[in-house]
Amino acid sequence: RTTYSPPKSLADFVLTRDRTCVMPGCRQPAHRCDIDHREPFHPGQDTGGATSATNCSVLCRRHHRAKDHGGYHLHRTPNGHYHWTTPLNRTYQREATRLWDPPEDPSPTRFLDQFKPRHHDPDEPPPF
């Protein structure tokens with residue numbers, strides 16, 4: 001992308017993916033946070049991050065300022081984990097957010113069983 005502000009579809013994706021500020025321990029909801037370019041956006045230059053899902057993350061204002069001006073560094077691994085390095089060179093990790101937990105029994109018939117219509121005995125009163 002060639003613009004600083006992410007389009008609505010990208011912003012919605014990043015907010016949904018991260019759910020809260022990506023600083024470990026911070027519980028600020030994503031809708032109250034900033035969408036941050038981990039690698040700073042520099043249009044028209046060889047260096048600089050893109051406005052993309054891999055380069056954008058959700059940070060509350062406090063942690064956004066700490067990253068940009070306070071000496072904190074943020075790195076995101078390909079598997080979605082966030083690694084923070086503090087000015088004292090300590091590292092912290094936030095695991096990737098799981099948006100869906102697959103069922104223990106992945107068989108398709110077990111999944112579809114919940115959608116089968118239930119047949120009731122006509123002599124019994126309705127269950128509601």
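F41 is buried, because its relative accessibility is 15%. Buried here is under 20% relative accessible area, exposed is over 50%, and partly exposed lies in between, with a 1.4 Å probe and protein chains only. A caution on the source: this is a predicted model, where local features need pLDDT of at least 70, side-chain atom pairs count only at pLDDT 80 or more, and totals for chains, interfaces and linings use all residues. Residues are numbered from 1 along each chain as its sequence is written, and side-chain values use heavy atoms, with hydrogens and water left out.

Now the aromatic pairs. Rings of Phe, Tyr and Trp (its six-membered ring) pair if their centres lie within 6.5 Å; planes under 30 degrees apart are stacked, over 60 edge-to-face, the rest tilted. That rule gives two aromatic pairs. In one, Y4 and F41 have ring centres 5.8 Å apart and planes at 70°, so they sit edge-to-face. Y4 is in the segment before helix 1 and F41 in the loop between strand 1 and strand 2 (56-59), so the pair ties together parts 37 residues apart in sequence. Helices (H or I, at least four residues) and strands (E, at least two) are DSSP runs, numbered from the N terminus. Y4 is partly exposed, at 48%.

Next, Y72 and W84. They too are edge-to-face: 6.5 Å centre to centre, 75° between the planes. Y72 is in the loop between helix 2 (61-69) and strand 3 (73-76), and W84 is in strand 4, twelve residues apart. Y72 is partly exposed at 26%; W84 is buried at 1%.

Last, V22. V22 is buried, at 0%. Its contacts (heavy atoms within 4.5 Å) beyond four places in sequence include W84, V58 and R94.
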